[in-house]
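Have the viewer open and follow along.

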Amino acid sequence: MKKFWKENSHEAYLWAAEFMNYPEIPFGSYLREILRKTDVVADVGCGFGVPALFMSSLCSRVIAIDQDPYALRVLDQEKEKRGITNVETRLGQWPEVELEPCDVVVSFYHNRFAETTDNVQKILKIGKRAGIMTSQGPACMPTLAEKILPELGLEAIRESCQNGCYAKSLLETAGLKVECRQITHDFSQPVRNQEEAAAYISSHLKLGEEHQEKLFQILPRILIWKEDQLVIPIIRENCLLTWERSC
Ligand SMILES: C[S@@+](CC[C@H](N)C(=O)[O-])C[C@H]1O[C@@H](n2cnc3c(N)ncnc32)[C@H](O)[C@@H]1O
């Protein structure tokens, strides 16, 4: 199984999710529209399970799948803390993971979810009624990397519209009627101080010791205050794809 998250990265992620009210923003209204109380939902690439735990009150059961055992350990702890009993964690690699048919298939911020026809066939096999997923969309605003790396004399490679339309066309070729919306999601990272911000940015942008001095110089221009909290502004630009099957 592959490791996706760095050890202890859940603390920052869960803090950001709570502070930015994720996944209510930006997915709450879509999930309430799609999910029914009796549904079994497969959440593929569930990570620490923030959306899975949110969905647990909107459906009968969530199967939360991820390749990273650490992510599922954190999710199991969160389930227990909150007394949630209808979320089942399953360690596996998409699309090979063994999965029974479900009513709805969900995948947020797992960009390779619908990247091949094999993946789409698996989506059709398991998602009987509906689906909702994000796919990296056209980046219109500068990303964190684009704001910081040029100032450090490094190149920021723009990953514009990685596969939003491609995923949509694969799903449509397989016979699904897909709706696509471009969404801008503010998932800013709260931090306690500049040191914590520098550590977070260095880890995410893989910056070595040689860039630390310059990074600290530019940080005051990068960091902002939101509701009395210091944050690293992070804006995600994605396509949100949804479909319902007529059966
Ligand atoms: C950016 S996180 C998103 C987590 C979660 N969906 C959320 O919105 O908070 C992407 C997750 O997808 C998982 N992932 C990526 N590729 C995967 C694959 N092929 N099979 C299973 N999990 C995968 C990673 O381990 C990671 O936990």
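Predicted model: local features only at pLDDT ≥ 70, side-chain atom pairs only at ≥ 80, totals over all residues.

Start at helix H1, residues 9–19, where His10, Ala16 and Ala17 are the buried residues. Look down the axis of H1 and these buried residues fall within an arc of 130°, so they line one face of the helix. The general rule behind that kind of pattern is that an α-helix has 3.6 residues a turn, so residues three or four places apart point the same way.

What do the buried residues of H1 pack against? Their partners are helix H3 (50–55), helix H4 (69–82) and strand S7 (189–190). Over on the other side of H1, Glu11 and Glu18 are exposed. Just after H1 comes asparagine 21, whose phi is positive, at about 55°.

As a reminder, strands of a sheet pair through backbone hydrogen bonds, either parallel or antiparallel.

Now for the pairings themselves. S7 and strand S9 (residues 229–232) are joined in the antiparallel sense over 2 bridges, and glutamine 189 has isoleucine 232 in S9 as its bridge partner. S8 and S9 pair over 3 bridges, again in the antiparallel sense, with tryptophan 225 opposite leucine 230 in S9. The hairpin of S8 and S9 has 2 residues between the strands, and in this hairpin glutamate 227 takes a positive phi near 45°.

## Around the ligand

Which residues come nearest to the ligand? Out of the 17 residues around it, those are Phe4, Gly45, Gly47, Gln67 and Trp94.

## Isoleucine 65

Is isoleucine 65 buried or exposed? Count the other C-beta atoms within 10 Å and you get 24, which means isoleucine 65 is buried, since the cut-off for buried is 20 or more.

Leaving out residues up to four places away in sequence, isoleucine 65 touches Ala42, Asp43, Val44, Cys46, Arg90, Gly92, Trp94 and Val97. One of these, Trp94, is among the residues that come nearest to the ligand. Glycine 47, also in that nearest set, sits 18 residues from isoleucine 65 along the chain, with 8.1 Å between the two C-alpha atoms.

## The whole chain

Zooming out, the chain has 9 helices and 10 strands. Its C-alpha trace spans about 60 × 40 × 35 Å along the principal axes. For 247 residues, a compact globule would have a radius of gyration near 18 Å, and the 19 Å of this chain agrees with that.

How much of the chain counts as buried? The share is 33% of the 247 residues. As for contacts with a separation of 6 or more, 71% of them come from residues 24 or more positions apart.

Conventions. Residues numbered from 1 in each chain as written. Buried ≥ 20, exposed ≤ 12 C-beta atoms within 10 Å, placed from the backbone. Helix = DSSP H or I, 4+ residues; strand = E, 2+ residues; numbered from the N terminus. Arc of directions from axis to C-beta. Contact = placed C-beta atoms within 7 Å. Pairing = 2+ DSSP bridges. Near = placed C-beta within 6 Å. Rg over C-alpha atoms; globule rule 2.2 N^0.38 Å.
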